[in-house]
Amino acid sequence: MSTTLKDYRTGCLLSALIAMLVLFIHPSKQQKTPTYNYTFIIDITRSMNATDYQQDNQAVSRLHFVKQTLRELLQTLPCESKVGLGLFTERRSTLLFEPLEVCSAYTEIDTAIGKVDWRMAWAADSNIAKGLLSTLDMLKKSGSSVIFITDGQEAPPVNPNYQTDFSSVKGQAKGMIIGVGGLQAVPIPKFDSLGKQTGFYSHDDVPHRSSFGQSNLDPSQIKGYNARNAPFGSEAATGNEHLSALQETYLEKLAAESGLTYARLTDLKNLNQALQNPKLATEKMVQTDIRWQPALFALLLLCLVYLPKPPKYRLFS
Amino acid sequence: MNWAVNTPWALTGLLLALLPLLNSGMRTSPAPWTALIPADTLSVVIVGCLRLCAMAAIAGLVLGIAGLHRTEQSRERIGHGAHIVLLLDRSSSMDNTFAGRAPNGSDESKATAARRLLTDFVNQRQTDLIGVAEYSTSPLFVMPLTENKNAVQAAIAATATPALGFTHVSKGLGMAISFFEQQPVTGSRIVLLVSDGAAAIDHDSELKLREWFRQQQVRLYWIFLRTAGSPGIFDQPEDSRDDNAGAMPELYLHKFFLGLGSPYRAYEAESPDALKQAIADINRLENLPMHYVERIPRQDLSTTCYSVAALLLLVLLGVKFCEVKR
């Protein structure tokens, strides 16, 4: 008996068996992993059709690029994370579905994102500040982080006298504004009722200033001012509102006012980094399988038993 | 069988299973001349078995570490059910009660009633594929046809957010029918239109819808949530001057649906109870035999691997104590 016990092989096998015992008694461990709960609100206004992204050497629209990047992002999110989807146009957004667990509903979320289309817009304005406010208001109790994806093109332009007041939602909703588009202004494609492109929006197609309420300028400086009939003066407004570029400073300002953070969408890696903001993550206790640890230990011990003998012993035996 | 592992590179560890071929794992005892020992088939067999045990134990551990599992399987079965597209009206009036008022504590809005009953309906239809589309001024694609009931519930729950714009029913119907493209024709195909109003459909859309309904063999159920005092589906005009699609869109939409040539049923629900009745009817009627795919979730096999390895280790250890002691 004593010789058997002295043999290192017996020791190895015994330890391996004990390791297996540990494996069955203590198979998993509670581990904290960050999970996310996002509600993506995608801007589907016309300016999102502007093509200033490149993909495979082809110019693609902002909306297409956003959809593509989100679908890729979906593959990288850890299980137990949740993703909801909504659309923004006019001055508010609608929720298509509440956040769903990404691993069990991957196909459904992926298909729904793929089907997002600018023609789903139920009205044509693009009042981003108001839209953001109503979205945050709508989702502030949901516990989901609002990821508002837009190019910041207000159409018609906002009258500085009537700015949106975010004080009611500041600090209550968490989330992020993702800016889309290039910094160079590009024309916005125009489509007919069948969805065929018929050119671009021209200078005369769009309003270049807000004509709502009172002008923010001193009446004495407005040419042709008439308090009742022409509060904005008699001159035709000119501007570049028919061209669209990412309004970064404006979006940064909105983000600061509403208590969100801002990031610009350039590629998947950068979006992933921005979204993995610890402020948006919730640490969830997840059962992690740790059986491989004792199993590996047992495997090593077992291999030790069957390791080929060094040749010097062979000579004598 | 479709077996797979989580970490494929860990399978290189299977090479370790060859080790027992090089070494018996037993203590050697000196013998003057091994050729003197007579050949013994039983010993050869036992040694071979022990080596196999050791190899199997190593392989079991490696496979366990690599995370052997059987992948998610799908099995085609024949059951009763349907492919259903819920086409929900998101126009602003859905946020009012059946009495046409803004909801207060006692009365729920039409949208809330519809949401509550549809949630129950979806829960009862276990084998169905259900998709969700919505429409207001424009159609919204919400959820593809899926067996994932949680996803459908999440889409229905999201209609709790404020409604949008107007009623543009033809585009919504077009989108709902498009769900059935590239889907096998099995069981019944249903579009369940839940709306509280109607709109005139222009001639071009009428032609297209007629064609699509025929092509895709879709049955239509229209649950019309009638607001008190508003014209209903079955009302006949009192004045012949009102007998046109502009004045009585509900009646004309109903007439159009009747003329589609595909099975069609309309329900006029004036209260949550009537809505419940309509849904119960569909539940009862639409149970044609249908091929459906049952998913068998992935099965973890690493526990089996570890158990086998542990058992073999026990055998090997036991044999250790039977070795000749000298």
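This is a predicted model: local features need pLDDT of at least 70, side-chain atom pairs count only at pLDDT 80 or more; totals for chains, interfaces and linings use all residues.
User: How do you know what the radius of gyration of chain A says about a compact globule?

Analyst: Chain A has 30 Å, whereas a compact globule of 317 residues would have a radius of gyration near 20 Å. Along the principal axes, the C-alpha atoms of chain A fill a box of roughly 115 × 45 × 30 Å.

User: What makes a residue of chain A count as buried, and what percentage of the residues are buried?

Analyst: A residue is buried if 20 or more other C-beta atoms lie within 10 Å of its own. In chain A, 39% of the 317 residues are buried.

User: How many residues of chain A are in contact with chain B?

Analyst: 43 residues of chain A are in contact with 48 residues of chain B. Elements giving two or more residues to this side of chain A include helix 2 (8–25), strand 5 (92–101) and helix 8 (292–305). By class, the side has 28 nonpolar, seven polar and eight charged residues.

User: Which domains are assigned in chain B, and how far apart are their C-alpha centres?

Analyst: The assignment gives domain 1 (3–27 + 37–72 + 297–320) and domain 2 (75–294) of chain B. The C-alpha centres of these domains lie 59 Å apart.

Conventions
Residues are numbered from 1 along each chain as its sequence is written. Chains are lettered from A and ligands numbered from 1 in the order in which they are written. The radius of gyration is taken over C-alpha atoms; the globule rule is 2.2 Å times the number of residues to the power 0.38. A residue is buried if 20 or more other C-beta atoms lie within 10 Å of its own, exposed if 12 or fewer, and partly exposed in between; C-beta atoms are placed from the backbone. Two residues are in contact if their C-beta atoms, placed from the backbone, lie within 7 Å. Helices (H or I, at least four residues) and strands (E, at least two) are DSSP runs, numbered from the N terminus. Ala, Val, Leu, Ile, Met, Phe, Trp, Tyr, Cys and Pro count as nonpolar, Asp, Glu, Lys and Arg as charged, and the others, Gly among them, as polar. Domain bounds come from an automatic or database domain assignment.
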